[in-house]
Amino acid sequence: MSAAPLFSSSGPNVFTIAPAANFVDALAAGLLKAFPDPQDLAAVTVLAPTRRAGRALAEAFAQRDPGAALLPMIRPIGDVDADDPPFEPGELADVAPDAVSAARRRFELARLILQREDAAGRSMGVGGALALADDLARLIDDLATEEVDDLSALSQDIRAALPAHMQEAALFLDIVLEAWPARLKERGEIDPARRRSAILKALAARWKAEPPQGPVIAAGSTGSIPAAAELLSVVANLPQGCVVLPGFARDMDSDGWIAIDDSHPQRSMKSFVEALGLDPKAVAFWPEGHERTADIPRARLIAEALRPAEATSDWLRRVDELKEAYGDDMFERALSGLSVIEAESPADEGRAIALALRETLATPNARGVLVTPDRALARRVTVEMNRFGVTLDDSAGTPLSDTPPGAFLMRVLDLALDPGSALAFSALASSPLFALGEDRAHLVQDLMALERRALRGRRPGYDMDALYEAAMDAAGDKQERAERWGSILTRTADALGDFTNVDTDRPAAEWARALALAGEQLATNDKLDGAERLWAGDAGEAAADLVSEFLHQAEALPPMSAIEFRRALLETARTRLVRPRFGAHPRLQILGPLEARLVNADRVILAGLNEGIWPAGGGADPFLSRGMRLAAGLGAPERRFGLAAHDFAQLACTPEVILTRSIKQDGAPTVASRWLWRLQTLARGALRESQADKLMRPSIDYTGLARAMDTPASHSRLEKPQPAPPVEARPRKLSVTQIETWIRDPYAIFARKILGLEPLDPLDREPGPAERGTAYHTAIERWTRSLPDSVGLPTDARQRLIDQARLALEEAGFPDARLGLELPRFARAAEFLVEWEAERRRTEDTRFKPVALETKGSITIEGPAGPFELTARADRIDLRPDGALDIIDYKTGATPSGPEVKAGFAPQLPLQAAMAARGAFPDCPPHEAGDMIYVRVSGTRIAGEDRSIVKKPGTGEPVDLAEDALENLKTFVAWFDNPAQIYQSQPRAKFTNRWGDYDHLARRKEWASAPGDDTGGEI
């Protein structure tokens, strides 16, 4: 084959490669046959749509001719450089000045936005201005791409007719029309998109005037960019030029062709072909690849499924025509190799995709590609593939803020802004980059101990000194541990030394410099300098570029506080994608639709096919309504649906393709992508519905296998754990509250007392019900102790109680902001407490005298395995006028019911009464109980109430209740002194009605269907 057929047309030379063909392979094969002489091939210029497509074409040449030393000159249309061939250096200096960098444009636009807001008397943070600058930049690029220089069509009348919110947004056009062009002129730069259009138009003009000596092939572009379309038109008319369109529908019927709208995949190519004055059928097939793919029914099926909506009314007629043209089994052949997976949830979809990709590896040399715009789904698949020992990366990129260097820098800022936060310190210390000049593997052990022993629980304070004091308190008298923890915190504080006065406004460059220095100092280990670790790799380089932008290009931004700097940095880092240079796996890839253009594989999986994901939702232009866009000469918003549909159509024609979607998202039903819905509807109309669904069902039930992966091999119900530790390992000392836990959930005692497992408190725990209860107990105790031992109460008793509550709440860690809510609540409770206390002190003859307040005591019980110690801390014990004792317990939450107490599930007060009768509490006479009272102090709608758990105080009933509780405990101790007695988990769940701290360890959810199930019986 010679090159003559490529340039022999009497009109423009335009070709197409069918969707089912491997575009770059067919293009490379055709060029090698057209230019068999390497010297001739080297003289060819190939214009590819993107740099990625150019690399793919170069790889295709290398695979076909591994020893080739000369290749065509491959240049990207979308990223052409004026100083690269076919231009001479400096040739277009006047036509295309330097483009403003993306970072500088972003900062400059943010400055203009902030100035405009200030002039309007409104306040906006730098982070918000940067986010808005991104939207403005997209509008500027749209205007440049569409070559719109005059927005006079957007008259004041049109703006005045807009809704109020759109009128406000349209005022930002003044920045686009006036302020920004003036600033660019001042700097001697232009926007990147405008520079690209200028270069492409200059190249088109030069080649039109002086055709190049060598052949020019423009391949893979659809002509969606006007300047690119102009260049393609020139190339198609060159003596040695031709254009190769991807998947052009040259055989579309006239009705369908006429009905093509902006949302159709052929829209851009239709405009290009019509501009050339060509009939669609005059577009020839590329000489290589069409023999195998031109008449594949799949391409016809996809083309019909994506037919313009106005032309679908004659689908039945088109079905008959297709069957007549391609055979009665056309649709069966079209659906061969095409499968549809509709999973219940995104998690099931991810697992099914992972199984399909893993299956691909079972075929030698087979390649698989997952294409989806859903980055969350891509991450799911990446994680699922780890189960098979297969490492994948998402070529669409990871936000810089989610990479180790990016996250590390954000955590450095978090701790600098909140130096007293244990959570911020632990988050920073957990980064693999945190080393403090040491071997990270050695340091991490001390960091884990510091967090677990010193930093868990209530927030230490509001500066690094508070963290240091918390660590020293936890270290106690262990000198070596104190020195080690103190050194870690001191060095961390020293590294953050430049972050002083974080509320003071400073230039962004100063904050960036402080961040870089702190990051490098904290990242230094025992072998490498921090800069070598922090800025290494693709993500490290991207982080370095980001910090450098704020150091050297952010002078346009106004001075800002450290908090605003963090927001600005985070806003930028989230939009900065870090793409892997090389795939983690040689045969599997995860790509976005843009990256997948002109890429081919043996198996292609198109995932996330739900409306709002693929295609993406329409969204709203923050500055221009649809009518304003059209009036200004910008493309309709639907045009991007057409570009997305073209990507889908090309990929769906792959011989083996799997289309996937999830039926539900976050429990709510989803809507299938319009393309998938149309494809299924057409297939079901052309065939019987059951037959079409069967043909589109994958040969392997991937969703069923995915569910089976996480289903136990045995379908029998998991048995409860039955630990029976040696008697000598079992506890011989418990408090009365732990006795209640022992009765309700013996497994919790096993986990805590025998295994030594303590629930971990959260970091920076906010004061909650537990701290409120402690504060109330402390305040009431102090107040009661301060009262005179006499009848009646002082006149200021209520205020004294409230003052004690304020002090106790502050000691419990409640900040001033919370005290504004907590003190009024306690004041209501104080009203009740004063009245209740006054009633108990009404006369000398009827006065109840407190004899024990927050008093500890213990007794010993003899058990089969030896002595068992019972301990308690009594909130209050009063001596009654009749000489008996009132056992009182304060509750800020719900109190146990009488049946619970009598059934033995809440034995706290009866056991305290039995202990008091035996003289267990100092200063309390060994008298029998006269009453047992719960005093509820809530301060809510019911400010407080007292409730006796016995029906007849002062009789033998409370004595019997106390002695029964003690006898039951002795029996319980004897049971658990039996080596065969097991520690069951929630043996009487219907009396528990709550989940315990150790239920996850007991795997309770696997053998108990709900917290209220009666899953037990007797112990």
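The questions and answers below go through the fold, strands, salt bridges and surface of a predicted model.

Biologist: How many helices and strands does the secondary structure of the protein come to?
Modeller: The model is a predicted one. Its 1019 residues carry both kinds of element. The secondary structure comes to 42 helices and 21 strands.

Biologist: What radius of gyration does the protein have, against that of a compact globule of 1019 residues?
Modeller: The C-alpha trace spans about 120 × 65 × 65 Å along its principal axes. A compact globule of 1019 residues would come near 31 Å. The protein has a radius of gyration of 38 Å.

Biologist: What share of the residues of the protein counts as buried?
Modeller: The protein exposes about 45200 Å², with carbon and sulfur atoms supplying 51% of it. For a single residue, buried means under 20% relative accessible area. Of the 1019 residues, the share that counts as buried is 52%.

Biologist: Which are the edge strands of the open sheet of six strands?
Modeller: The order of this open sheet is E3-E2-E4-E5-E1-E6, and its pairing is parallel. An edge strand pairs on one side only. The edge strands are E3 (73–76) and E6 (284–285).

Biologist: Which residue in E5 stands opposite Ile217?
Modeller: Strand E4 covers residues 216–219 and strand E5 covers residues 241–246. The two pair in the parallel sense over four bridges. Opposite Ile217 stands Cys242.

Biologist: How many residues lie between E17 and E18 in their hairpin?
Modeller: Strand E17 (residues 849–863) pairs with strand E18 (residues 866–879) in the antiparallel sense, over 13 bridges. Within this pairing, Thr860 stands opposite Glu869. The number of residues between E17 and E18 is two.

Biologist: Is Arg106 buried or exposed?
Modeller: Arg106 has its place in helix H4 (residues 102–119). Beyond its neighbours within four places in sequence, Arg106 is in contact with residues including Leu130, Asp134, Glu571 and Thr575. Its relative accessible area is 10%, so Arg106 counts as buried.

Biologist: Which residue forms a salt bridge with Arg122?
Modeller: Arg122 is partly exposed, at 34% relative accessible area. The closest N and O atoms of the pair are 3.0 Å apart, and the partner is Glu117.

Biologist: How far apart are the closest N and O atoms of Glu451 and Arg456?
Modeller: Glu451 is partly exposed, with a relative accessible area of 22%. Arg456 is also partly exposed, with 28%. The two form a salt bridge, and the closest N and O atoms are apart by 2.5 Å.

Biologist: How many residues apart in sequence are the parts that Arg603 and Glu656 tie together?
Modeller: The side chains of Arg603 and Glu656 meet in a salt bridge of 2.5 Å, N to O. Arg603 lies in strand E12 (residues 603–606), while Glu656 lies in the loop between helix H29 (639–652) and strand E13 (657–662). Arg603 is buried at 8% relative accessible area, whereas Glu656 is partly exposed at 30%. The parts are apart in sequence by 53 residues.

Biologist: Which residues make the nonpolar surface patch of about 230 Å²?
Modeller: One member lies in the loop between helix H34 (746–754) and helix H35 (769–786). The patch is made by Leu755, Leu757 and Leu1001.

Conventions. Residues numbered from 1 in each chain as written. Predicted model: local features only at pLDDT ≥ 70, side-chain atom pairs only at ≥ 80, totals over all residues. Heavy atoms only, no water. Patch = residues over 30% accessible without salt bridge, like charges linked within 9 Å, V, L, I, M, F, W, Y side chains within 5 Å. Areas by Shrake-Rupley, 256 points an atom, 1.4 Å probe, with all protein chains shown as cover. Salt bridge = Lys/Arg side-chain N within 4 Å of Asp/Glu carboxyl O. Pairing = 2+ DSSP bridges. Rg over C-alpha atoms; globule rule 2.2 N^0.38 Å. Buried < 20%, exposed > 50% of the residue type's maximum accessible area, 1.4 Å probe, protein only. Contact = heavy atoms within 4.5 Å.
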